[in-house]
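Subject: A structure for you to explore

Hi there,

Here is the structure I promised to pass on to you. Have a look around it first, and then read my notes below with the model open beside you.

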Amino acid sequence: MIFDCIILGAGASGLMCAAKIKNAKTLIIEGNQKPGLKLLASGGGLCNFYNADLSFKNYYGQNPHFCISALKSFDFEDFKKLLAENKADFTLREDGKFFARSSRSVLDALLNSLGQNIDIRLGCKFKKALKNGDIFEVYAGGEVFKCKNLVCSLGALSHKNMGASSAAFDLAESFGHEIVPPYPALCGVVFTGDLKKRFADTAGISLKAELTCGKNKFLGGLLFTHDGISGPALFNLSLYGIKNKTLEINFCPQIKAEDFIKQNKNGPKHLLSLIERLIPPRLAKAILNGFDKKTADLTKEEISQTAKQINDFSFTVEKLTGYEKAEITAGGISTKEISSKTMMSQKTKSLYFTGECLDISGQLGGYNLAWAWASACAAAKAINEN
């Protein structure tokens with residue numbers, strides 16, 4: 001049997017693509033025993049599935065403008081209707097984020113929307129694909145499947161425990177596509193060496209901070225963990241590649257620490273007590289790193305250096321939390337030879353790539369699922385028209 005379409009991957013993008021394909025006999029091939037595992041884990045089980053403030057500026061890649069066409073073409077009202085028809089309730093929060101009452105409800109809505117023309121093979125691990133003439137031969141689960149259109153929605157490297165692998169990249173390379181070096185993104189930083197010892201007692205501390213790396217800057221939540229730092233501001237900054245680069249942290253962005261210390265020199269007897277007014281006590285202790293003296297005796301240099309540790313603490317990022325904890329993989333299949341309108345390869349007709357495997361990565365806030373939906377719908381539309 002020759003299928004009209006085979007979709008590799010039953011994740012968010014693959015299922016959305018299948019839900020939008022009309023009439024064409026389609027097979028979804030999924031390596032896991034259950035569909036949508038990563039979708040179920042998204043948003044801590046609540047699923048932040050979209051953002052009202054959607055722009056290419058929320059995405060990163062060698063060509064972030066690539067996502068504009070698909071995002072603009074995506075019919076979000078139609079998607080909301082799909083959710084409503086399947087009783088997948090959701091709310092729009094003040095910050096523009098759409099949250100479903102559960103990730104399961106979104107997954108069920110997608111599965112319930114699959115037509116009778118769609119079959120799913122679970123526990124069927126993809127190996128490779130070839131093309132003979134106009135027909136693709138897909139090797140998976142010890143079998144060979146044939147199709148006219150092939151959609152790769154295999155994701156990337158984050159969360160191997162959910163089936164993540166380099167399969168999408170390997171497939172793209174086999175058809176002559178370039179891979180932008182991937183790296184874990186939307187992830188935390190692990191402290192090493194002296195930093196690990198210095199901040200050993202800061203786990204659980206959270207505060208609003210401003211983080212900078214090169215030209216990129218984010219203001220938001222920062223959380224100290226048992227082995228480093230995490231939080232929204234850092235996650236967003238990690239999208240732009242921070243490993244082996246200098247990370248600057250302003251622990252108190254609302255106040256210029258140097259002026260504050262000078263204005264309060266005659267206040268608390270010791271510097272530590274004064275700094276505890278600006279930042280949490282355990283963090284203040286780590287920042288001072290053993291240094292403390294009467295505020296009245298501080299020299300200009302000591303005031304300047306202390307202020308710098310508060311408003312401009314910097315270090316080189318040597319280690320990230322890695323793919324196992326990273327929410328997404330940045331980098332991936334270069335968009336240079338992919339149609340931004342249809343997601344079809346410009347090297348191989350009827351071969352499509354959607355979702356995370358492409359070199360388009362979004363910030364926190366529902367942007368990555370928005371890209372999964374939009375790119376999938378673009379591919380499905382092209383397949384329907386063909």
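**What packs around helix α12**

The buried residues of α12 pack against β16 (246-250), α9 (257-263), α10 (271-275), α11 (281-288) and β17 (313-316). Contact here means heavy atoms within 4.5 Å. The helices (H or I, at least four residues) and strands (E, at least two) are DSSP runs, numbered from the N terminus.

Before going on, a word about the model. It is a predicted one, where local features need pLDDT of at least 70 and side-chain atom pairs count only at pLDDT 80 or more, while totals for chains, interfaces and linings use all residues. Residues are numbered from 1 along each chain as its sequence is written, and side-chain values use heavy atoms, with hydrogens and water left out.

Back to α12, which covers residues 300-311. This helix has 12 residues and reaches 16 Å from its first C-alpha to its last, close to the 16 Å expected at 1.5 Å a residue (the expected span is 1.5 Å times one less than the number of residues). Which of its residues are buried? They are I303, T306, A307, I310 and N311. Buried means under 20% relative accessible area, exposed means over 50%, and partly exposed lies in between (1.4 Å probe, protein chains only). Seen down the axis of α12, the buried residues fall within an arc of 120°, so they line one face of the helix; the arc is that of the directions from the helix axis to the C-beta atoms.

Pick out I261, in helix α9. I261 is buried, with a relative accessible area of 0%. Leaving aside residues up to four places away in sequence, I261 touches L271, L274, I275, L298, I303, T306 and A307. I261 and S304 are 43 residues apart in sequence, and 9.3 Å separates them in space, C-alpha to C-alpha.

Next, go to α11, where L283, A284, A286, I287 and L288 are the buried residues. They pack against α7 (193-198), β13 (206-213), β14 (216-224), α10, α12 and β17. Just after α11 comes N289, with a positive phi of about 55°.

**Helix α1 and its two partners**

How do α1 (residues 12-20) and α5 (residues 103-112) meet? Their axes come within 9 Å and cross at roughly 35°. Axes are lines fitted to C-alpha atoms, for helices over the stretch in contact, and angles run from 0 to 180 degrees between N-to-C directions. The crossing of α1 past α5 is left-handed; that is the name if the near helix is turned anticlockwise from the far one by less than a right angle, and right-handed is the name if clockwise. A12, L15, M16 and A19 in α1 meet L107, L110 and L111 in α5. By class, this contact of α1 with α5 has seven nonpolar, no polar and no charged residues. Ala, Val, Leu, Ile, Met, Phe, Trp, Tyr, Cys and Pro count as nonpolar, Asp, Glu, Lys and Arg as charged, and the others, Gly among them, as polar.

The other partner is α13 (residues 367-385), which packs with α1 at an angle of about 35°, their axes 8 Å apart. Here α1 passes α13 in a right-handed crossing. From α1, the contact uses A12, S13, M16, C17 and K20, and from α13 the residues include L369, W373 and N384. The residues of this contact of α1 with α13 divide into 10 nonpolar, three polar and one charged.

L186 sits in the loop between β11 (179-185) and β12 (189-190). Its phi is near 55°, a positive value in a residue other than glycine. N244, in the loop between α8 (232-238) and β16, has a phi near 65°, also positive and also in a residue other than glycine. Buried or exposed: which is L186, and which is N244? L186 is buried, with a relative accessible area of 1%, whereas N244 is exposed at 58%.

**The whole chain**

Zooming out, the chain has 13 helices and 20 strands, and 52% of its 386 residues count as buried.

Enjoy exploring!
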